[in-house]
Amino acid sequence: MEPEMEDKTLELMCSVPRSLWLGCSSVAESLCALRCLQSIPSTRAHNQNTSGMESQNLVDDLSPKKNTVLKHTNGPVVGSRKRPSQGNYEKEKEHCITLFDQWSEADQVEFVERLISRMCHYQHGHINSYLKPMLQRDFITALPAQGLDHIAENILSFLDARSLCSAELVCKEWQRVISEGMLWKKLIERMVRTDPLWKGLSERHQWEKYLFKNRTAEVPPNSYYHSLYPKIIQDIETIEANWRCGRHNLQRIQCRSENSKGVYCLQYDDDKIISGLRDNSIKIWDKQSLECLKILTGHTGSVLCLQYDDRVIVTGSSDSTVRVWEVTTGEVLNTLIHHNEAVLHLRFANGLMVTCSKDRSIAVWDMASPTDISLRRVLVGHRAAVNVVDFDDKYIVSASGDRTIKVWSTSTCEFVRTLNGHKRGIACLQYRDRLVVSGSSDNTIRLWDIECGACLRVLEGHEELVRCIRFDNKRIVSGAYDGKIKVWDLQAALDPRAPASTLCLRTLVEHSGRVFRLQFDEFQIISSSHDDTILIWDFLNVSTNGQPEGRSPSRTYTYITR
């Protein structure tokens with residue numbers, strides 16, 4: 001549309017009483033009527049030739065009147081005064097629509113924008129309410145009609161469970177898309193991939209076999225997964241309640257050491273438990289039957305630390321050596337002789353191993369293969385035995401009997417900083433992300449920010465040296481020489497506003513000797529002690545009478561409150 005013509009049209013609109021174009025049967029008609037005013041050339045000439053009184057009447061007609069009350073209805077805008085009879089209105093309106101239809105889309109949009117800018121607030125509101133339902137689209141219903149079911153399914157697959165339930169109630173078409181798209185199945189699969197608790201439940205309750213499969217005769221209908229989801233939520237709530245209330249079933253492995261008693265270290269998976277004993281042996285246990293499958297011998301001192309993966313077991317001993325064993329055969333693949341005194345702890349991952357010793361040093365090793373392990377660097381700086389190490393790609397963290405935690409660069413092995421705060425020697429720690437959690441012979445547990453070295457919280461409750469500690473995203477679990485295992489709320493511990501009395505959730509008492517080592521996951525704690533036992537604390541298979549479902553443990557569960 002030419003600028004001159006547009007200006008002429010807008011000028012013409014302003015010279016015509018509003019009652020003409022507001023009296024249309026709908027907003028769309030009024031807009032069209034305004035556009036067609038340019039087709040009335042005589043109007044402007046007529047206005048120029050009118051008398052002073054007629055001009056005043058026109059001004060009065062264009063001006064808002066105090067006694068005019070406009071009401072919003074579901075239909076068109078209606079004024080309190082009737083529109084004056086306009087004999088040519090319908091003809092002019094149709095002509096306006098005809099002209100509007102002849103313009104390009106860009107011209108039409110520009111014209112409407114200028115037209116709307118001249119309207120008052122209540123007119124804007126009415127136009128908004130008129131256009132709003134026109135702009136709404138049921139895309140979930142529309143997409144399948146165009147053969148795009150997969151897009152509708154993909155959009156709805158991002159909903160959480162509550163929203164998915166609501167979406168099913170929208171209409172039959174939405175329910176059909178959700179059902180045929182197996183969206184409840186996809187939601188459960190997403191949770192299993194991202195949450196270890198869900199993954200563990202899928203394996204233990206055996207509904208994992210119905211996941212991650214294409215649509216075949218073996219896959220149940222969507223209704224199965226819809227009904228499965230609330231059962232999973234109920235199981236999760238039950239497990240969380242068991243942790244908080246201390247409900248568990250207990251299984252006991254008697255290690256029956258021949259000489260000196262005590263289980264210094266352990267690690268487990270779904271199939272086995274591997275333990276290092278004070279009697280110089282390494283014992284591998286079947287996790288289901290609790291029978292001893294294999295005994296590895298070769299160390300001439302107590303086995304103080306171990307770690308294993310799919311290929312090898314690496315152990316450290318009071319005989320000052322580190323040994324590498326083949327997991328399946330138990331064959332010794334390598335023996336590392338470097339430290340001058342007992343090897344107290346070790347960690348390995350991604351081709352790197354770190355060991356620490358009573359000789360106050362830390363050794364960093366490159367592991368090209370089980371038989372090709374070379375010393376990269378020796379870290380010195382502690383003034384007493386280095387009791388524990390941990391590391392990731394950024395930092396190596398060590399703790400010592402000299403009451404300090406030291407932080408080193410993993411890549412360069414250079415010293416970074418020292419964390420001070422414990423009043424006595426430090427016996428254990430775990431490091432992950434920015435958080436370090438340590439336990440000491442001052443009977444306390446401390447939480448640290450490794451980046452700034454600040455102590456975030458001190459946990460008190462153990463009566464003797466805190467010997468072992470582990471944490472995940474929810475909990476800290478600690479074991480001490482007082483024979484007790486304590487479960488702490490990690491999130492509350494990180495909140496400075498949380499009262500100290502709310503931090504310890506439960507204290508578990510079953511060991512009759514010092515607790516040397518523990519490991520835990522979402523469902524269980526496995527601990528070892530000076531009393532020559534390994535205990536499995538099961539928080540999943542808890543029946544109402546305290547007995548595990550399908551198992552007969554040596555004893556029922558026992559717990560005390562903090």
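Student: At what angle do the axes of helix α11 and helix α13 cross, and within what distance do they come?

Tutor: Happy to start there, with the reminder that this is a predicted model. To read a helix pair, take the separation of the axes and then the angle between their N-to-C directions. Helix α11 (residues 161-168) and helix α13 (residues 183-194) have axes that come within 11 Å and cross at roughly 175 degrees. Angles over 145 degrees count as roughly antiparallel, and α11 and α13 are therefore roughly antiparallel to each other.

Student: Which residues make the contact between α11 and α13?

Tutor: From α11 come Ala161, Leu164, Cys165 and Glu168, and from α13 come Leu183, Trp184 and Leu187. Sorted by class, the residues of this contact are six nonpolar, no polar and one charged.

Student: How does α11 pack with helix α12, and at what angle?

Tutor: The axes of α11 and helix α12 (residues 172-180) are 7 Å apart, and the angle is about 130 degrees. That makes α11 oblique to α12. Here Leu164, Ala167 and Glu168 in α11 meet Trp174, Gln175 and Ile178 in α12. The classes in this contact are four nonpolar, one polar and one charged.

Student: Let's zoom out. How many helices and strands does the chain have, and what share of its residues is buried?

Tutor: The chain comes to 16 helices and 30 strands. Of its 562 residues, 50% are buried. For contacts with a separation of 6 or more, residues 24 or more positions apart account for 51%.

Student: How should I read a nonpolar core, and which residues have the most contacts inside the largest one?

Tutor: The general idea is that in soluble globular proteins, nonpolar side chains tend to be buried together. In this model, the largest nonpolar core has 45 residues, and Ile188, Trp207 and Ile525 have the most contacts inside it. Helix α15 (residues 222-245) gives the most to this core, with seven residues.

Student: Where does this core lie relative to domain 1 and domain 2?

Tutor: Domain 1 (137-210 + 220-242) and domain 2 (244-536) both contribute residues to the core, so it lies between them.

Student: Now for single residues. Is Ile362 buried or exposed?

Tutor: For a single residue, look at its element, its accessibility and its contacts. Ile362 is found in strand β14 (residues 362-369) and, at 0% relative accessibility, counts as buried. Its C-alpha atom is separated by 8.4 Å from that of Arg377, which is 15 residues apart from Ile362 along the chain. Beyond neighbours within four places in sequence, Ile362 is in contact with residues including Val354, Cys356, Arg377, Leu379, His382, Val386 and Trp408.

Student: And which residues is Ser400 in contact with?

Tutor: Ser400 sits in strand β17 (residues 395-400) and counts as buried, at 0% relative accessibility. Leaving aside neighbours within four places in sequence, Ser400 is in contact with His382, Ala384, Ala385, Val386, Asn387, Gly425 and Ile426. His382 and Val386 are also among the contacts of Ile362.

Student: Last one, on backbone angles. Where are Gln206 and Asn443 found?

Tutor: When checking phi, look for positive values in residues other than glycine. Gln206 has a positive phi of about 65 degrees; Gln206 is in the loop between α14 (196-204) and α15 and counts as exposed, at 54% relative accessibility. Asn443 has a positive phi near 75 degrees. Asn443 is in the loop between β21 (435-440) and β22 and counts as partly exposed, at 24% relative accessibility.

Technical notes
Residues are numbered from 1 along each chain as its sequence is written. This is a predicted model: local features need pLDDT of at least 70, side-chain atom pairs count only at pLDDT 80 or more; totals for chains, interfaces and linings use all residues. Side-chain values use heavy atoms; hydrogens and water are left out. A nonpolar core is a set of buried Ala, Val, Leu, Ile, Met, Phe, Trp, Tyr and Cys residues joined through side-chain atoms within 4.5 Å. Buried means under 20% relative accessible area, exposed over 50%, partly exposed in between (1.4 Å probe, protein chains only). Helices (H or I, at least four residues) and strands (E, at least two) are DSSP runs, numbered from the N terminus. Domain bounds come from an automatic or database domain assignment. Axes are lines fitted to C-alpha atoms, for helices over the stretch in contact, and angles run from 0 to 180 degrees between N-to-C directions. Angles under 35 degrees count as roughly parallel, over 145 as roughly antiparallel, 65 to 115 as roughly perpendicular and the rest as oblique. Contact means heavy atoms within 4.5 Å. Ala, Val, Leu, Ile, Met, Phe, Trp, Tyr, Cys and Pro count as nonpolar, Asp, Glu, Lys and Arg as charged, and the others, Gly among them, as polar.
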